[in-house]
Protein chains: 2
Amino acid sequence: MKLIADNLRVTIPVIQKALKDKNPSSVISLVKECTQKGAWAIDVNTGPLGRMPEKGMQFFMDAVQSATHLPLVIDTSNPTAMEAGLGLSKGRAIINGFSLEPKKIEKILPLAKTYDADIVGFLLYPDSSVPKDANDRFEIALDLFEAAEAAGVAKERIIIDPVVPPLAWENGIVQAREVLTVIQTLQDLSGFPVRTIAGISNLATRARDKDKKRRITQSYLSMLAAAGLSYALIDILDDELVKMAKTADILVSEDLFSWGMLPE
Amino acid sequence: MKLIADNLRVTIPVIQKALKDKNPSSVISLVKECTQKGAWAIDVNTGPLGRMPEKGMQFFMDAVQSATHLPLVIDTSNPTAMEAGLGLSKGRAIINGFSLEPKKIEKILPLAKTYDADIVGFLLYPDSSVPKDANDRFEIALDLFEAAEAAGVAKERIIIDPVVPPLAWENGIVQAREVLTVIQTLQDLSGFPVRTIAGISNLATRARDKDKKRRITQSYLSMLAAAGLSYALIDILDDELVKMAKTADILVSEDLFSWGMLPE
């Protein structure tokens with residue numbers, strides 16, 4: 001289970017201000033810290049970038065790439081911004097992402113072919129509504145693979161995001177279990193080694209009690225690891241969460257164990 | 001996932017001394033504390049009790065039952081001590097346990113019929129050696145069910161213990177995953193709702209670093225909960241571990257969620 005920092009988001013006031021002022025220093029310091037904390041990749045969540053998608057993306061890509069050589073996950077719903085980001089990427093980039101929404105299939109998915117990139121595929125209906133169970137999610141995964149192949153993108157390039165729900169949703173806790181089931185069964189049902197990604201910060205949004213939030217996030221992360229998750233989008237600056245994630249990953253992936261392997 | 005306190009063990013010096021001195025006060029205070037911490041049951045690990053199995057068991061049963069009304073898990077390999085314990089039990093008792101070892105099938109298993117009790121069945125070979133993978137464990141489970149039915153004990157009375165290995169064993173980490181697999185698949189493969197039990201204190205025996213031990217135990221416990229474990233034998237006096245266990249259990253078993261459900 002590789003850890004992708006979800007820390008760089010345009011919705012954070014200091015990052016929003018950096019973009020507005022065209023002052024990269026807070027982006028640079030944040031990305032340096034994420035890199036130093038051991039992220040495998042950085043999610044660059046620029047948002048749609050309004051009326052200046054190319055300039056906005058250039059600002060982020062310049063800042064981020066001056067601070068890190070890690071793979072970047074380009075996270076925007078705007079196809080123009082996405083293409084600008086992919087064009088500016090000096091290393092490996094992952095497209096985050098597409099769904100069955102016709103506009104996404106038409107405008108975002110083909111970029112995976114043009115730029116020879118992996119692409120995240122969300123298990124959502126074309127209208128962005130959430131499927132009700134693991135079976136429905138599996139059907140959507142098959143539709144995503146089919147759409148990819150129709151666009152000339154190998155299905156192996158798709159990284160499936162089953163979309164972790166906030167527990168505060170009406171049936172969020174049931175959906176959170178369906179997400180575990182789909183991650184665990186997708187490989188067997190699909191007949192090839194499907195990679196999966198999940199953003200876990202979503203699970204406990206709006207939790208007021210820090211300890212409760214910490215425990216439920218850590219517990220669910222261990223369950224995701226046991227289900228076989230490939231990539232976890234997490235707050236890489238949360239030291240204890242990262243240590244739990246690395247510990248869980250050792251439990252599910254190593255064949256030889258020593259106490260020295262575990263994070264201090 | 002119900003939590004069973006594994007705290008009362010004759011191997012603890014203060015408990016050993018209590019038995020020797022026939023002074024129940026430290027047993028009583030320990031059992032009261034375990035009860036107050038929210039255990040669902042108490043494992044009464046008396047050991048084989050040497051040459052005075054009946055008197056030794058009477059000492060423990062009197063002390064424990066004066067301190068709690070919780071169900072008791074009677075944990076001894078000595079059939080005479082086990083029978084004494086079952087005879088003295090005022091409430092629900094669980095026999096812990098039997099295996100394919102001929103002496104256990106002959107002497108311990110029939111007590112489940114005589115005393116109409118649930119009984120733990122260990123997934124070990126007749127010579128007490130450890131099976132190599134989930135498949136071998138499943139075969140042993142079927143043998144345990146068969147032995148039970150031959151002894152007039154319904155297979156539904158068996159609570160399967162897949163035996164959590166210490167990670168320090170040569171291939172302990174691989175075995176720990178096989179244990180998760182067998183817990184998860186046993187119900188489907190057996191065709192009836194098999195209950196399972198696991199002692200998690202074993203996993204991190206001899207760990208020197210407290211933080212590493214805490215993280216790996218908590219992480220594995222969440223994985224056990226996700227696999228569908230029915231009963232976890234744990235250190236009920238470890239507040240944080242108990243809170244993590246309760247949090248994991250809510251994640252896997254509740255259909256409605258509110259932050260108020262989680263332990264403070």
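User: What do the buried residues of H7(B) pack against?
Analyst: Keep in mind that this is a predicted model. In chain B, those residues pack against strands E4 (93-98), E5 (118-122) and E6 (158-161), plus helices H5 (102-107), H6 (109-114) and H8 (172-190).
User: And which residues of H7(B) are buried?
Analyst: They're B:Ala134, B:Arg137, B:Phe138, B:Ile140, B:Ala141, B:Leu144, B:Phe145, B:Ala147 and B:Ala148.
User: What span should helix H7 of chain B have?
Analyst: At 1.5 Å a residue, its 17 residues (134-150) should span 24 Å, and the end C-alpha atoms are 24 Å apart, so that agrees.
User: What's going on at the start of H7(B)?
Analyst: A side-chain oxygen of B:Asp133 gets to within 3.2 Å of the backbone nitrogen of B:Asn135. Just after the helix, B:Gly152 has a positive phi of about 80°.
User: Switching to chain A: at what angle do the axes of H7 and H8 cross?
Analyst: Roughly 50°, and the axes come within 9 Å. That makes H7(A) oblique to H8(A). The crossing is right-handed.
User: Which residues in H7(A) meet H8(A)?
Analyst: A:Ala134, A:Arg137, A:Phe138, A:Ala141 and A:Phe145; their partners in H8(A) include A:Val179, A:Val182 and A:Leu186.
User: How about H9(A) and H10(A), what's their crossing angle?
Analyst: Their axes cross at roughly 25° and come within 9 Å. Angles under 35 degrees count as roughly parallel, so H9(A) is roughly parallel to H10(A). Residues that meet there include A:Leu221 and A:Ala225 in H9(A), and A:Met244 and A:Ala248 in H10(A).

Conventions. Residues are numbered from 1 along each chain as its sequence is written. Chains are lettered from A and ligands numbered from 1 in the order in which they are written. This is a predicted model: local features need pLDDT of at least 70, side-chain atom pairs count only at pLDDT 80 or more; totals for chains, interfaces and linings use all residues. Side-chain values use heavy atoms; hydrogens and water are left out. Helices (H or I, at least four residues) and strands (E, at least two) are DSSP runs, numbered from the N terminus. The expected span of a helix is 1.5 Å times one less than its number of residues. Buried means under 20% relative accessible area, exposed over 50%, partly exposed in between (1.4 Å probe, protein chains only). Contact means heavy atoms within 4.5 Å. A polar contact is a pair of N or O atoms within 3.5 Å; within protein, one must be able to donate a hydrogen and the other to accept it, and residues adjacent in sequence count only if both atoms are side-chain atoms. Axes are lines fitted to C-alpha atoms, for helices over the stretch in contact, and angles run from 0 to 180 degrees between N-to-C directions. Angles under 35 degrees count as roughly parallel, over 145 as roughly antiparallel, 65 to 115 as roughly perpendicular and the rest as oblique. A crossing is left-handed if the near helix is turned anticlockwise from the far one by less than a right angle, and right-handed if clockwise.
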